[in-house]
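Colleague: Before we discuss individual residues, may I ask you to display the model?

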Amino acid sequence: MTLKETIAADIDLVLDLDEFAETALVEGSPIKVQFDSDRLGELTGHTQYALGLDAVVMYARTADLPPARKPGDALMVGSCDWTVMSWEDRAGISEIALQRTR
C-alpha cells in the first residue's frame with residue numbers, strides 16, 4: 001500500500017459515519033464531519049467556558065468543504081453562522097475551530 005492509499009484509508013476511517021462522524025450541512029451541502037470540543041483549548045489557549053463562547057472543532061475532508069476561510073470569517077454549519085477561529089488542512093482533513101457567541 002502506498003502512502004497516499006494509507007492516508008486515504010485513514011481519512012475514510014476518521015469520517016466513518018458508523019463509528020465517529022455525522023452528516024452536517026456546511027454552507028448548505030451535506031458532508032461527513034466529526035466534532036470535537038476537547039481539542040478547542042489546545043488550539044485557542046483558552047477553554048470555551050472561560051471565553052463565554054459556544055465553540056467546537058470540526059474535522060472534514062478538505063475536498064468536501066468550501067474554500068478555506070481565514071480567522072474572523074463566517075461559516076454556515078447547520079442553520080447557524082459560526083466564526084472561524086482557525087482553519088488548517090492536515091493531509092486532506094481540515095481542522096476548523098469555530099465559535100459562536102451566545
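**Turns and contacts in the predicted model**

Modeller: Alanine 91 is exposed, with a relative accessible area of 54%; exposed means over 50%, buried under 20% and partly exposed in between, for a 1.4 Å probe and protein chains only. Residues are numbered from 1 along each chain as its sequence is written, and side-chain values use heavy atoms, with hydrogens and water left out. This is a predicted model, in which local features need pLDDT of at least 70 and side-chain atom pairs count only at pLDDT 80 or more, while totals for chains, interfaces and linings use all residues.

Colleague: Where is alanine 91 found, and what is its phi?

Modeller: Alanine 91 belongs to the loop between strand 5 (80-90) and strand 6 (93-101). Strands here are DSSP runs (E, at least two residues), numbered from the N terminus. Although alanine 91 is not glycine, its phi is positive, near 55 degrees.

Colleague: Which residue in the turn between strand 1 and strand 2 has a positive phi?

Modeller: Strand 1 and strand 2 run antiparallel and are joined by five bridges; two strands pair if DSSP finds at least two bridges between them. They form a hairpin with two residues between them, and valine 26 stands opposite serine 29 in strand 2. In the turn, the residue with a positive phi of about 55 degrees is glutamate 27.

Colleague: Is glutamate 27 buried or exposed, or does it fall in between?

Modeller: Glutamate 27 is located in the loop between strand 1 (22-26) and strand 2 (29-36). Its relative accessibility is 37%, so glutamate 27 counts as partly exposed.

Colleague: With which side chain does the side chain of serine 94 make a polar contact of 2.8 Å?

Modeller: Serine 94 lies in strand 6 and is buried, with a relative accessible area of 0%. Not counting residues up to four places away in sequence, serine 94 touches several residues, including Met58, Leu65 and Glu88, where contact means heavy atoms within 4.5 Å. A polar contact is a pair of N or O atoms within 3.5 Å; within protein, one must be able to donate a hydrogen and the other to accept it, and residues adjacent in sequence count only if both atoms are side-chain atoms. The side chain of serine 94 makes such a contact with tryptophan 87 at 3.4 Å, and the 2.8 Å contact is with the side chain of threonine 62.

Colleague: What is the length of the polar contact between the side chains of arginine 100 and aspartate 54?

Modeller: Arginine 100 is in strand 6 and is partly exposed at 26% relative accessible area. The polar contact joining its side chain to that of aspartate 54 is 2.3 Å.

Conventions
Helix = DSSP H or I, 4+ residues; strand = E, 2+ residues; numbered from the N terminus.
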